[in-house]
Every structure is written in C-alpha cells, then in structure tokens.
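Work through the exercises below with the sequence and the structure at hand. Each task is followed by a solution in steps.

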Amino acid sequence: GTDGPASALKQENIPVEYGKKITLKAIDSNNYCEFDGWYTKNSNGKYVEVKDTDNKHITTVDYSPSLKGADNTTYNFYAKFSIRSKTVSVKVPTSYSKYGTVHIGDDTNVTSGTFKYGDEITLKAVPTENEYNKYKFSGWYDNDTCVGEAISGAGKNYTITVDGSTLSTYYAKFDIQKLSVRLHPEPPEGC
C-alpha cells in the first residue's frame, strides 16, 4: 500500500492498504480544460457525483476519499473535465473605420465569437479600396488606439490557436497608402 497522490491524467490502479490515506489529483495536461468534479458510476453505469459529508459535489482537484469495504474491494473514481472557451472579438478603432473592415473566418459578418481552447481561428483585415483612395493594413494591436508595437508576425490574415494567452479583443490599424512622385526634366539639364 501507499500514501501519496494518484493522477487523473491517465488511468491507474493503485493498491491501498486498509486505513492508509490516498489523495487523488485531477491534472489538466495542456491547460485547455476546466475541472468539473469527481464522479463514480452507479450500478446502471451512469456517472454519479461524488459528494462530501454536506452532500455537496466535490469539485476540488485534490480529493482524499474515505475507503471502506471488504478485502480487494475496487473503487473507481472519474475526473470529469470540460474544454475551456474564450470570447474573441475583432474591431477597427473609430479613427480608422473608413479605412477597412475586419472579421473572423470567412463570414464577413462575424466580428466576435466564443471558441474552445485549441480551436484555430483566422482574424481577417480588409483594407478599403475605391477610385480616390487606397488603404493598407498596418497591423493588429492589443489596444483600441493602435499605439505601441503591433503584434509580431500578425499579417492581415492572422491565424491563432485559442488558449489562455489569446486576447479578448484584437484591433486592426489601417493607413492610407502613400505614393511618391518623381519629376524628371525634359529635355535634360542645360537647356
């Protein structure tokens, strides 16, 4: 028998001597999941919440069950997880709004959504073009004034994997394209 932790990251069979304490630990291997609680299965094979002495569902990641029973009794505990999600939005600050539009994915009407950790999404910035002006995308920013450094490596089609470091809102900056005019004298110098 052993005193010590057991991990819910993988299935384990742990021999425990009668009267010894064991602590079960629920571990999220990639930080993409939220721990929902400890469960057992009833005689019908349905999951049942493990409850404490106050009849409350045990949702702490560390759990030390009270084990009682005949020799070689097997107890099965299940750590239930759900995938975390995050709401992500794309915006164009008012001062740049006539210069372009933004959306998430291929639907030009989607500017916000709730995505599961691990989902890949593409933020898209589309500069405005008309017969009088042509604008360019100048970067994605983490602030609504688009000052400071643009997000490194983020082009106008910026694919990200949603996780804990994903921003809630990405802001696109657009600028008017600048052209150069060079004058050349005709005829050459000296006339």
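The model is predicted.

**Exercise 1.** Locate Thr166 and decide whether Thr166 is buried or exposed.

Solution.
- Step 1: Thr166 lies in the loop that runs between strand S12 (157-161) and S13.
- Step 2: The relative accessibility of Thr166 is 6%, and buried means under 20%.
- Step 3: Thr166 therefore counts as buried.

**Exercise 2.** Find what surrounds Thr166.

Solution.
- Step 1: Leaving aside residues up to four places away in sequence, Thr166 touches Lys86, Val88, Ile160 and Thr161.
- Step 2: The Thr166 side chain also reaches the backbone nitrogen of Asp163, at 2.9 Å.

**Exercise 3.** Give the strand order of the open sheet of 4 strands, and explain why one side of S9 and of S11 has no neighbour in the sheet.

Solution.
- Step 1: The order is S9-S7-S13-S11, and the pairing is mixed.
- Step 2: Strand S9 (112-116) and strand S11 (135-141) are at the edges; each has a single partner strand, so one side of each is left without a neighbour in the sheet.
- Step 3: On average, neighbouring strands of this sheet are turned by 25 degrees against each other, direction ignored.

**Exercise 4.** Describe how each edge strand is joined to the sheet.

Solution.
- Step 1: S9 runs antiparallel to strand S7 (residues 85-91), joined by 5 bridges. Lys86 has Phe115 in S9 as its bridge partner.
- Step 2: The covered face of S9 holds Gly113 and Phe115, while Ser112, Thr114 and Lys116 are on the uncovered one.
- Step 3: S11 runs antiparallel to strand S13 (residues 169-176), joined by 6 bridges. Lys136 has Asp175 in S13 as its bridge partner.

Terms used. Residues numbered from 1 in each chain as written. Predicted model: local features only at pLDDT ≥ 70, side-chain atom pairs only at ≥ 80, totals over all residues. Heavy atoms only, no water. Pairing = 2+ DSSP bridges. Helix = DSSP H or I, 4+ residues; strand = E, 2+ residues; numbered from the N terminus. Axes fitted to C-alpha atoms, helices over the stretch in contact; angles between N-to-C directions. Buried < 20%, exposed > 50% of the residue type's maximum accessible area, 1.4 Å probe, protein only. Polar contact = N/O pair within 3.5 Å; in protein donor to acceptor, adjacent residues only side chain to side chain. Contact = heavy atoms within 4.5 Å.
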